[in-house]
Amino acid sequence: MIAQNTKASKSNARGLWRRFIKARGITYIVIALVAAIWVFPFFWMLMGSLKDQSEILAIPPTVFPKHVIFSNFTKWFYELHFGNYFMNSLIVAIFTVLGNMVFCSMVGYALAKIDFAGKKILFGAVMVTLMVPTVATFVPMFVIISNLRLVNTYFALILPFLTQPIGVFLMRQFISGIPDALMEAARVDGAGEIRIFWKIILPQCGPPLATLSILTFLSSWNNFLWPLVASQTDNMYTLPVALSLYSTGQNATNYSLLLAGAVLVIAPILLLFVFLQRYFIQGVAMTGIK
């Protein structure tokens, strides 16, 4: 009897293990298919950047280039002044990220830990602005920038985006979870709010700051409409604007040049995410963003 029970339990265990392996295998297959679908457009873009225009337009289309060429990339560097546009995008993105990290953290700290009149109304206003499309503010922003005589300058590209509602919400949610006892102890020792913010709050905000940096950098780097409006001359164009203007000729779009430019634009974003993905995932999880 005991031997039969032992044999039955072993059989059940083997059956459960087979079902587990089967379910796990199906899960991996589904994940691999979804990943392949997601990655394929980027793979097609990379392969297309190594083709000439005639091969891209060929029917039926080819996945891999018959003749690999790098002239699309060299044209961006040597003929279309890619370095100038890259530096413009980099300068705008870096200062926008730094501004959001500082100012969004300050506003988030005030909304999370400081009591003042109208606090709930102010936070409600921040939440409402999340629902306002950026395009709806273009006209008043351009009027203000124009009256300040900042059109076609770095200030025009940076100042309107130094503080973003999503950044304020992100930092406020994280800072709300920091124990009040830390700040109370600092106040007892005579520390002011600015010192508390810089010495206690900010050092603990690594994950949300990394998340905010990625989101802000991505938004600034890919921003097209505002730089197109605020930039008036070639030397102030950012990468998306240059990509749009110089990949289109008088009669047709140069798709191989367009794909090469897209690869150059996307590469820094992918590298940034690869290095900061751990902090990004941790920041999203700890701040409750859905």
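Modeller: Let us begin with the second largest pocket, whose lining consists of Trp38, Val39, Phe42, Phe43, Met45, Leu46, Val263, Ile266, Ala267 and Leu270. The model is predicted, so local features need pLDDT of at least 70 and side-chain atom pairs pLDDT 80 or more, while totals for chains, interfaces and linings use all residues. Residues are numbered from 1 along each chain as its sequence is written, and side-chain values use heavy atoms, without hydrogens or water.

Biologist: What makes this a pocket, and what makes a residue part of its lining?

Modeller: On a 1 Å grid over the protein atoms alone, a pocket is an open set of points with protein on both sides within 12 Å along at least five of seven lines, and a lining residue has an atom within 4 Å of a point. Trp38 and Leu270 are among the residues lining the second largest pocket. Its volume, the space filled by probe spheres set on the points, is about 180 Å³.

Biologist: Which helices supply at least two residues each to the lining of the second largest pocket?

Modeller: They are helix H1 (2–48) and helix H14 (255–287), named as DSSP runs (H or I, at least four residues) numbered from the N terminus. H1 gives the largest share, six residues.

Biologist: How is the lining of the second largest pocket divided by class?

Modeller: Ala, Val, Leu, Ile, Met, Phe, Trp, Tyr, Cys and Pro count as nonpolar, Asp, Glu, Lys and Arg as charged, and the others as polar. The lining of the second largest pocket therefore has 10 nonpolar, no polar and no charged residues.

Biologist: What is the volume of the largest pocket, and how do its lining residues divide?

Modeller: The largest pocket has a volume of about 620 Å³. Among its 31 lining residues, Thr134, Phe161, Gln164, Pro165 and Ser219 are the closest to its centre. The lining of the largest pocket comprises 19 nonpolar, 12 polar and no charged residues. Its largest share, six residues, comes from H11.

Biologist: Why is the packing of H4 and H11 called oblique?

Modeller: H4 and H11 pack at about 140°, with axes 9 Å apart. Angles under 35 degrees count as roughly parallel, over 145 as roughly antiparallel, 65 to 115 as roughly perpendicular and the rest as oblique. H4 and H11 are therefore oblique to each other. Their crossing is right-handed.

Biologist: Which residues of H4 and H11 meet?

Modeller: Heavy atoms within 4.5 Å define a contact. Those of H4 include Phe86, Leu90 and Met101, and those of H11 include Leu212, Phe217 and Trp221. The contact of H4 with H11 has 11 nonpolar, seven polar and no charged residues.

Biologist: What makes H8 roughly antiparallel to H11?

Modeller: H8 and H11 pack at about 170°, their axes 10 Å apart. That angle makes H8 roughly antiparallel to H11. Gly167, Leu170, Met171 and Phe174 of H8 touch Pro208, Leu209, Thr211 and Leu212 of H11. The residues of this contact are six nonpolar, two polar and no charged.

Biologist: How do you know that H9 is oblique to H10?

Modeller: The axes of helix H9 (residues 180–188) and helix H10 (residues 193–201) come within 10 Å and cross at roughly 130°. That makes H9 oblique to H10. The contact joins Leu182, Met183, Ala186 and Arg187 of H9 to Glu193, Ile196, Ile200 and Ile201 of H10. These residues divide into six nonpolar, no polar and two charged.

Methods:
Axes fitted to C-alpha atoms, helices over the stretch in contact; angles between N-to-C directions. 1 Å grid on protein atoms, 1.4 Å probe; cavity = no way out; pocket = protein on both sides within 12 Å on 5 of 7 lines; lining within 4 Å. Left-handed = near helix turned anticlockwise from the far one by under 90°.
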